[in-house]
Amino acid sequence: MEAHWILGVLLSVFSLSLSQACRQQLLEDVDFPGSDIKFVFSPDVNHCQQLCTQHPACLFFSFLRAEWTRDDRNFYCYLKTTSSGEPDVQNPVEGITSGYSLKPCSPDSKPCLPQLYNGLDFLGADYKALFTEDAEECRRACTQDPACQFFTFLNEDFTPDNFRYKCHLKFSWPVATLPVVERTAGLVSGFSNKVETFQEGKPACQGKLFPNTDIPGNDILDLPAASPGHCQNLCSAHSVCTAFSFVSDNFNCYLKVNDDALILTAKDRITSGLPARFCQPDNSWVNNALERVDFRGSDIRYELLDDAVSCQRTCNVDPNCQFYTYVNKDFPDSNIRRRCHLKRSITMPAPPRVTKLANVVSGFQLRNCV
């Protein structure tokens with residue numbers, strides 16, 4: 001019995017060490033069936049691997065390549081996990097490439113994606129269109145526009161011909177977003193002091209906020225935010241946001257678009273403001289620990305630590321961590337006390353859909369390539 005127990009411990013340690021090893025190799029014509037977290041779209045296996053790396057729970061993946069023929073799931077990127085950190089099964093399947101998250105490899109949080117994809121459409125997420133000479137000029141336009149994350153260009157042979165040379169600029173979130181923010185006694189939440197803000201490297205400015213003020217209507221999106229400063233960062237990063245209102249009672253951040261007028265209405269416990277796209281306002285919100293607040297979900301892992309300060313410090317030094325939630329020693333459930341939950345969201349360019357389409361070229365901004 002003791003020998004079996006020792007063998008089990010050794011196998012568990014071996015499996016854990018594998019899941020924490022840096023494994024960059026890709027397994028062509030191999031499927032890791034089952035254990036799916038979700039599927040997303042990718043134009044190639046390298047992009048899929050980067051998405052797995054940035055997804056908080058993903059440990060390995062399977063990507064259905066362009067030559068996949070069994071059904072129409074080309075460009076599906078299946079993000080996967082198991083408690084052991086290893087695929088339960090590996091099957092030989094043509095048209096699928098599988099691999100592992102690069103989290104243990106000290107990955108770049110802003111990967112360079114220089115590939116151009118002929119015959120692929122990054123469908124959706126458009127916020128602006130213009131006409132350009134070719135795909136390279138379209139990519140330059142995307143790179144020069146801070147809101148643009150990826151693009152699709154319709155070339156000289158596209159039909160109908162009145163859309164030829166059209167360059168579609170597209171958006172996905174380049175900054176951390178929170179899945180859920182709610183008040184919960186016994187918890188403390190906050191951000192890494194290295195979390196990406198949209199205004200990094202830009203000249204300092206005050207940043208315009210209107211306390212106890214609402215900007216009614218014209219909402220384009222509402223999403224969770226931790227504070228007025230975080231809400232302002234989201235508005236600044238969004239492609240078309242012209243103003244925002246943050247409701248402190250429920251942590252809702254309302255992004256708005258109205259180029260014609262700015263209507264301010266007095267209302268308690270709401271802070272409104274303007275985006276700061278060309279300067280860097282006070283980002284002290286990044287360092288603030290929020291008592292009795294839970295950033296629920298998006299966990300990478302947890303560690304047992306003595307206090308919230310140590311938890312934030314651990315998040316600060318972990319390159320994968322963007323935000324955290326700490327469980328205090330007086331939390332009602334004694335089984336999870338002292339847990340420091342390290343968390344993140346995907347901030348790399350991520351098209352909502354990838355499809356085959358003749359006479360188009362798609363790609364990503366090159367700001368991350370310098």
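Predicted model: local features only at pLDDT ≥ 70, side-chain atom pairs only at ≥ 80, totals over all residues.
**A nonpolar patch on the surface**

- Together with Ile 220 and Val 240, Leu 221 forms a nonpolar patch on the surface, and the accessible area of these residues together comes to about 190 Å².
- Leu 221 has a relative accessible area of 32% and is therefore classed as partly exposed, since that class lies between the 20% limit for buried residues and the 50% limit for exposed ones.
- In soluble globular proteins, nonpolar side chains tend to be buried together.

**The nonpolar cores**

- The largest nonpolar core contains 39 residues, and the members that touch the most other members are Trp 173, Phe 191, Leu 255 and Phe 295.
- Two or more residues of this core come from each of several elements, including the helices H3 (135–144) and H4 (228–237) and the strands E8 (150–154), E9 (166–170) and E10 (180–191); strands E14 (243–247), E15 (252–256) and E18 (290–296) are also among these elements.
- Helix H4 gives the most to this core, with a contribution of four residues.
- Another core, which lies apart from this one, has 26 residues, and among them are Phe 75, Ile 96, Tyr 117 and Met 348.
- When neighbours within four places in sequence are left aside, the contacts of Trp 173 include Leu 221, Leu 223, Leu 234, Ala 237, His 238 and Leu 255, and Trp 173 is also in contact with Ile 346, Thr 347 and Met 348.

- Most residues other than glycine have a negative phi, and most peptide bonds are trans.
- Thr 159 and Pro 160 are joined by a cis peptide bond, with omega at about 0 degrees, and Pro 160 has its place in the loop between E8 and E9.
- Ser 106, although not a glycine, has a positive phi of about 50 degrees, and this residue is found in the loop between strand E5 (91–100) and strand E6 (117–122).
- The relative accessible area of Ser 106 is 60%, so this residue counts as exposed.
- Arg 338 is likewise not a glycine and has a positive phi, here of about 70 degrees, and it lies in the loop between strand E20 (323–327) and strand E21 (339–343).
- Arg 338 counts as partly exposed because its relative accessibility is 29%.

Methods
Residues numbered from 1 in each chain as written. Heavy atoms only, no water. Patch = residues over 30% accessible without salt bridge, like charges linked within 9 Å, V, L, I, M, F, W, Y side chains within 5 Å. Areas by Shrake-Rupley, 256 points an atom, 1.4 Å probe, with all protein chains shown as cover. Salt bridge = Lys/Arg side-chain N within 4 Å of Asp/Glu carboxyl O. Buried < 20%, exposed > 50% of the residue type's maximum accessible area, 1.4 Å probe, protein only. Core = buried A, V, L, I, M, F, W, Y, C linked by side-chain atoms within 4.5 Å. Contact = heavy atoms within 4.5 Å.
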